[in-house]
Amino acid sequence: MSIDKPPAGTRGARTPPTSNPLAQLFGRAMQWLHRRQGDRFLNMDVLYLTTVGAKTRQRRTTAVARLRDGDAWLIVASNNGAAVHPGWYHNIAAHPDQVWVEAEGTTSRVEPVQLQGSERDDAWRRIVTRYPRFADYASKTDRHIPVLRLTPVPAQ
């Protein structure tokens, strides 16, 4: 299991820093708000993605939009159309065997698979049909935006 990261782009939306204490506090407050709103944000269903830091090796949790895909979920590493990939995507690429999600009231370890070719194109069409804002993000950057499928790993 590996993630083949495409290169960063040369243009894209600006993203606020996420590593300072104020940003981390804001992130926790937003997760609290999402949970109070039924795991929704801006009319999108969200899941809580926990990864292990690529450099720090500390667990990090972030809310990301999700689309149900059978027994799995699709997520998009859009970073709001920034030229760079989101931090959670770097974490998944560094530690793909250490990824968990909390969704629909259940927490489970998942296996991330980066979609390629027609499979990615099909998933992308489904995503932008349900959440048109992702098409806007793609128009802001020249970066190839990864789409991942997160499949729960059965408990052993």
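The structure, a predicted model, holds 1 cavity of 30 Å³ or more. A cavity is a set of points on a 1 Å grid over the protein atoms alone where a 1.4 Å probe fits but cannot get out. The largest cavity has a volume of about 40 Å³, where volume is the space filled by probe spheres set on the points, with grid points joined across faces, edges and corners. Ala65, Arg66, Leu67, Leu74, Ile75, Val76, Ile127, Tyr131 and Phe134 line the largest cavity; lining residues have an atom within 4 Å of a point. By class, this lining has 8 nonpolar residues, 1 charged residue and no polar ones. Here Ala, Val, Leu, Ile, Met, Phe, Trp, Tyr, Cys and Pro count as nonpolar, Asp, Glu, Lys and Arg as charged, and the others, Gly among them, as polar. Strand E5 gives the most to the lining, with 3 residues.

Residues are numbered from 1 along each chain as its sequence is written. Local features need pLDDT of at least 70, side-chain atom pairs count only at pLDDT 80 or more, totals for chains, interfaces and linings use all residues, and side-chain values use heavy atoms, with hydrogens and water left out.

Strands (E, at least two residues) and helices (H or I, at least four) are DSSP runs, numbered from the N terminus. Strand E5 (residues 72-76) pairs with strand E8 (residues 147-152) in the antiparallel sense over 4 bridges; two strands pair if DSSP finds at least two bridges between them. Leucine 74 has arginine 149 of E8 as its bridge partner. Strand E7 (residues 106-114) also runs antiparallel to E8, joined by 5 bridges, and glutamate 111 has threonine 151 of E8 as its bridge partner.

Helix H3 (residues 117-130) has 14 residues and reaches 20 Å from its first C-alpha to its last, close to the 20 Å expected at 1.5 Å a residue. The expected span is 1.5 Å times one less than the number of residues. Arg120, Ala123, Trp124, Ile127 and Val128 are the buried residues of H3, buried meaning under 20% relative accessible area, exposed over 50% and partly exposed in between (1.4 Å probe, protein chains only). The exposed residues Ser118 and Thr129 are carried on the face of H3 turned away from its buried side.

Arginine 57 is not a glycine, yet has a positive phi of about 65°. Arginine 57 lies in the loop between strand E2 (44-52) and strand E3 (59-65).

Terms used: 1 Å grid on protein atoms, 1.4 Å probe; cavity = no way out; pocket = protein on both sides within 12 Å on 5 of 7 lines; lining within 4 Å.
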